[in-house]
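Here is a friendly briefing to read alongside the structure. Take a moment to look it over, then follow the points below.

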Amino acid sequence: MELRDRRQLALMLAPYLLGLVALVAVPALFTFALALTEYDLIRSPRFIGLDNVRELAGDEIFHTALLNSAVFAAIAVPLRVGAALVLALLLHRRFRGAGSGRAAAVLPTVIPDVAYGLLWLWLLNPLYGPITLFLGWIGPPGKTIWGLALPQFLTHPNDARAAIILMSVFTIGEGFVLFLVARQSLPGELYELAAIEDATAWSVFRRVTLPLLAPILVLLLLRDTILSFQLNFVPALVVTDGGPPPYSTTYLPLFVYRTGFEYLRYGYASAATVLMFVLTAAAVWLQWLVLRRARFASF
Amino acid sequence: MARPVSLVRLERVSKEYDGVSAVRELELEVADGELLVVLGPSGCGKSTVLRLVAGLEEATAGRIMIGERDVTRLSPGRRNVSMVFQSYALFPHLTAAENIGFGLVVREVRRAEVRERVARAAALVDCAHLLARRPAQLSGGERQRIALARALVREPDVFLLDEPLSNLDAELRAQTRAELKLLHARVGATMLYVTHDQIEALTLGQRIAVLRDGELQQLGTPNQIWREPANRFVGRFVGSPAMNILSSGTAVGLDTPPGAEVGIRPEHVMLGETGVEATVMLVEPIGSEALVHLRVAEAALVARAPADAPRSVGDTLRVSLSREHVHLFDAGTGERLPWS
């Protein structure tokens with residue numbers, strides 16, 4: 001690369017790199033440093049070594065938040081990636097209504113988080129929320145059609161966790177668009193050949209579509225795992241307020257937020273953040289170990 | 001096991017896309033074991049014909065028969081045809097062996113049998129040493145062999161080949177063309193082969209169907225197509241350089257009927273001491289021969305002549321045509337006319 005090209009490249013990269021350093025790298029370094037201190041914004045930070053980590057190890061609220069986050073990731077990530085894939089496969093063809101369908105699939109993702117949370121607060125309301133009303137209407141009195149008690153999304157711990165997962169399953173616009181583009185870029189002749197060979201729809205999905213979309217699938221699984229540690233923050237804050245009691249929908253981001261901004265324990269919150277980072281990295285690494293064994297298509 | 005009757009018959013088959021006609025009332029028969037080439041320029045509907053037989057397109061009108069079966073409304077998988085695509089359509093995530101065996105695996109044929117049949121098909125096209133490789137590790141020619149083996153492995157009633165040589169370089173194309181001809185002779189399969197390359201059509205086809213704008217122009221043996229083109233289009237399309245067309249025979253000293261155009265292939269234009277006077281406008285050497293562009297009165301003519309004869313632009317020479325090589329076409333319709 002010539003010097004002129006290098007300069008041009010550096011110039012173009014500069015705004016992004018500057019932002020990355022100032023808004024991500026430096027705060028991250030501060031967080032790592034603060035994790036080793038006790039800091040309440042009033043007094044100066046006091047170095048306490050690994051005391052915060054030791055405290056986190058014995059903190060039951062942190063354990064609950066950790067478990068909640070792990071369960072959320074384990075259920076929401078496959079559901080979200082699966083839903084994005086299914087929707088993309090349903091809507092990649094041209095047909096009447098496909099455009100509206102695609103818009104509907106992307107729309108929830110572009111709604112501001114707080115507005116989206118408030119909308120669900122209404123949808124899930126136990127008295128007049130349409131979801132509860134609908135479930136009650138189609139089933140026997142006070143029960144669902146499966147004979148179970150009507151869900152209490154805002155007051156029952158497991159129902160509330162399910163509600164947060166349900167909310168996350170609709171914000172899959174980016175994954176949907178990626179799958180849609182990837183599916184549309186697959187050569188049509190491969191499918192024509194499969195048709196000539198009398199392959200069933202399931203066989204085509206299993207032997208052609210899925211392996212060819214595997215690189216995107218892996219990318220989205222990793223990305224969604226990282227995202228899953230963050231994307232329940234607003235729903236948990238706005239819809240369930242971390243409850244129902246004691247801490248049914250307190251996930252790691254909410255725990256960090258409350259510890260830092262409500263209890264003013266910045267050092268402790270930083271330690272939890274660092275731990276969250278380590279856990280996310282570990283989860284991604286584990287997934288990578290499993291997925292790299294899979295054979296991927298190479299175009 | 002007796003081979004099934006493998007005769008493809010298109011009965012007044014038409015195909016329209018949004019009111020635009022791609023194939024018009026096509027009547028075509030492919031005999032059992034025949035290699036029939038559908039030849040035509042880009043956009044003439046030749047690939048559509050293949051896709052109609054494969055079931056990848058639905059006919060707007062008419063009937064398609066394979067053997068005694070009316071397959072017009074059958075799905076592609078129920079027609080028992082194999083297709084080799086121009087791009088080969090190999091699955092990039094599968095090895096060559098898995099690609100060849102794909103049709104058997106999805107039909108749930110036993111693994112041992114799949115392995116055996118894949119090996120047999122691969123041996124037929126001399127690609128047994130490539131079976132463990134993925135398409136990305138294969139050259140164009142090797143991919144083409146894998147695609148052929150995949151078509152062979154299922155022993156279908158009909159093979160459909162959509163310009164299978166067009167992605168190969170000239171040398172490999174000539175070699176593969178010869179191999180294809182040998183392969184056809186060996187397996188004796190019914191093949192419908194689409195190409196825009198007249199050399200491919202003339203060398204490979206037992207019969208050639210020339211198509212233009214979705215209409216059949218002529219169906220005949222390569223010799224018939226070459227020697228007795230049914231119309232001006234076939235005369236000019238088959239042959240390189242194209243047949244010379246003169247508005248009448250007067251310029252070249254021929255007594256032709258009124259309203260008849262004269263067609264003469266460049267190799268039949270004789271340059272010498274007799275005939276009408278012509279001026280050399282351009283000389284294009286092509287190895288042992290040269291294409292000599294001439295002006296005869298107001299008409300332009302191309303002659304194929306030995307390259308060693310010294311000719312240069314502006315030279316004057318004499319041109320004569322032998323009547324037996326001259327084709328007459330109706331100036332209005334372009335249809336072939338007999339010498340009266």
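**Packing inside the predicted model**

In this predicted model, the largest nonpolar core has 64 residues, and those touching the most other members are Phe179(A), Leu10(B), Met83(B), Phe102(B), Leu160(B) and Leu192(B). Helix 10 (residues 201–228) of chain A gives the most to this core, contributing 8 residues. Apart from it lies another core, of 43 residues, which includes Ala96(B), Leu130(B), Leu168(B) and Met191(B).

- Phe179(A) sits in helix 8 (residues 173–184) of chain A, and its relative accessibility of 0% makes it buried.
- Leaving aside residues up to four places away in sequence, Phe179(A) has contacts that include Val81(A), Leu85(A), Leu213(A), Ile216(A) and Leu220(A).
- Phe179(A) and Leu87(A) are 92 residues apart along the chain, yet 8.8 Å separates their C-alpha atoms.

**A sheet in chain B**

- Four strands of chain B make an open sheet in the order 2-1-4-5, with antiparallel pairing.
- Strand 2 (20–30) and strand 5 (69–70) of chain B are at the edges; each has a single partner strand, so one side of each has no neighbour in the sheet.
- Strand 1 (residues 8–17) of chain B pairs with strand 2 of chain B over 7 bridges, in the antiparallel sense.
- Glu16(B) is placed opposite Ser21(B) of strand 2.

**Salt bridges**

- Side chains of opposite charge can pair when their charged atoms come close.
- Over all chains, the count is 32 salt bridges.
- One of them links Glu197(A) and Arg107(B), at 3.2 Å from N to O. Because Glu197(A) lies in a loop of chain A and Arg107(B) in a loop of chain B, this pair joins two chains. Glu197(A) is buried at 3% relative accessibility, while Arg107(B) is partly exposed at 30%.
- Glu25(B) and Arg12(B) also meet in a salt bridge, 3.2 Å from N to O. Glu25(B) is in strand 2 and Arg12(B) in strand 1 of chain B, so the pair ties together parts 13 residues apart in sequence.
- Arg80(A), Glu174(A), Arg223(A) and Asp224(A) are joined into one network by salt bridges that share partners.
- In chain A, Arg258(A) and Glu262(A) form a salt bridge whose closest N and O atoms are 3.4 Å apart. These two are 4 residues apart in helix 12 (residues 252–262), which means about one helical turn separates them.

**A nonpolar surface patch**

- Met1(A), Leu9(A), Tyr16(A) and Leu20(A) are among the residues of a nonpolar surface patch with about 830 Å² of accessible area together.
- Leu20(A) belongs to helix 1 (residues 3–34) of chain A and is partly exposed, at 36% relative accessibility.

Definitions and conventions
Residues numbered from 1 in each chain as written. Chains lettered and ligands numbered in written order. Predicted model: local features only at pLDDT ≥ 70, side-chain atom pairs only at ≥ 80, totals over all residues. Heavy atoms only, no water. Patch = residues over 30% accessible without salt bridge, like charges linked within 9 Å, V, L, I, M, F, W, Y side chains within 5 Å. Areas by Shrake-Rupley, 256 points an atom, 1.4 Å probe, with all protein chains shown as cover. Salt bridge = Lys/Arg side-chain N within 4 Å of Asp/Glu carboxyl O. Buried < 20%, exposed > 50% of the residue type's maximum accessible area, 1.4 Å probe, protein only. Contact = heavy atoms within 4.5 Å. Core = buried A, V, L, I, M, F, W, Y, C linked by side-chain atoms within 4.5 Å. Pairing = 2+ DSSP bridges.
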